[in-house]
Structures are given as structure tokens and as C-alpha cells.
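The sequence and structure come first.

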Amino acid sequence: MSEPLVVRRETHVSAPPAAVFALLTDPEKILRWMGTEAQTELQPGGIYLVNVTGARVARGSFREVVPVHRLAYSFGWEGSEAVPPGSSLVEIDLIEQPNGTLVRLTHTGLPTADQCEAHAKGWAHYFDRMAAVAAGRDPGPDSMHGHDGQS
């Protein structure tokens, strides 16, 4: 039985862990697959900030940074009462495989099943875009651009 209120996502990416880690942490590389603005300080307590859609800003702080292997950061949305900045936890493990990297995400601390479902859809959308970039493809325009998460 799966745990309640946990989002889990695994995605295979056709790139080595170091390249995937850079796509998850380097602001310029983040913007190739997600967001209109990004700021990261890769150290415990350092800022994680991504304006994901141009209308919705995710903010938190890094809890754990293990280069090319693992990230953990608090997460939430500016202006949100349901999931305020820093109120949930995103953990991402990068597992090297012969033909790329297994990206394993666990997102905990979300308040409701509806929030879990919405975040699961968002992670699926953006991980597909990240996998395309890692494979050297253009993910195209982001269909979530301008979405404020309220509708």
C-alpha cells in the first residue's frame, strides 16, 4: 500500500547523472525545460526559487546537496495558503544506469490528495520536458506557461 499524501515519480533520462544534476540545479539549464526565472544556492539553507510558469513562483531552501547523486529541498508556492513556501519536501535521487540516469522523486508534506494529484501532474509534465532536453531535443513551448495554479 502506498503512503498517503506522497508523490512519487521515476523517470529515465538518457544522460549521465552529472548532466541531469546540472539540469536540476544550474539556473540557466533549469530554464531550458522549466520556468521563466530561476535562482539556486547549492548548499544547505541556500535558496531554491523558480518562477515555474511565469505566474507561479516556487520557493524553498536546500536541505541536502550531494553533487550528481541527491537533492533535497523545501518547497511551496509564493502566495499560496495551501502549500506555502517551504511547507513541503522534494527529494530527488539520481541513480546511474548503463544507458542514462534513473531520476527518482519523492514529494512529501502536501496537505491534501488534490494537491498531491496536481503536483504529480506537474512533476510528470516537467520531468518529461527535462528528459527531452537531456536527450538533446527541444521540449517546445511550455503548455503550462502563464498557468497560475488556480484553475
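Axes are lines fitted to C-alpha atoms, for helices over the stretch in contact, and angles between N-to-C directions run from 0 to 180 degrees. On that basis, the axes of helix α1 (residues 17–25) and helix α3 (residues 113–134) come within 11 Å and cross at roughly 130 degrees. The model, which is predicted, also holds six aromatic pairs.

**Helix packing**
- The α1 and α3 crossing is right-handed.
- On the α1 side, the residues in contact are Val-20, Leu-23 and Leu-24, which meet Met-130, Val-133 and Ala-134 of α3.

- One of the six aromatic pairs joins Phe-62 and Tyr-73 edge-to-face, with 5.6 Å centre to centre and 65 degrees between the planes.
- Phe-62 belongs to strand β4 (residues 57–66) and Tyr-73 to strand β5 (residues 70–75), so this pair ties together parts eleven residues apart in sequence.
- Phe-62 counts as buried because its relative accessibility is 2%, under the 20% cut-off.
- Tyr-73, at 3% relative accessibility, counts as buried.

**Aromatic cluster and a charge over a ring**
- Phe-75 and Trp-77 form an edge-to-face pair, 5.2 Å centre to centre with 80 degrees between the planes.
- Phe-75 and Trp-77 are both buried.
- Together with Trp-123 and Phe-127, Phe-75 and Trp-77 make up one aromatic cluster.
- Arg-56 lies over the face of Trp-77, 4.1 Å from the ring centre.

Conventions:
Residues are numbered from 1 along each chain as its sequence is written. This is a predicted model: local features need pLDDT of at least 70, side-chain atom pairs count only at pLDDT 80 or more; totals for chains, interfaces and linings use all residues. Side-chain values use heavy atoms; hydrogens and water are left out. Rings of Phe, Tyr and Trp (its six-membered ring) pair if their centres lie within 6.5 Å; planes under 30 degrees apart count as stacked, over 60 as edge-to-face and the rest as tilted. Helices (H or I, at least four residues) and strands (E, at least two) are DSSP runs, numbered from the N terminus. Buried means under 20% relative accessible area, exposed over 50%, partly exposed in between (1.4 Å probe, protein chains only). A charge sits over a ring if NZ of Lys or CZ of Arg is within 6 Å of the ring centre and within 35 degrees of the ring normal. A crossing is left-handed if the near helix is turned anticlockwise from the far one by less than a right angle, and right-handed if clockwise. Contact means heavy atoms within 4.5 Å.
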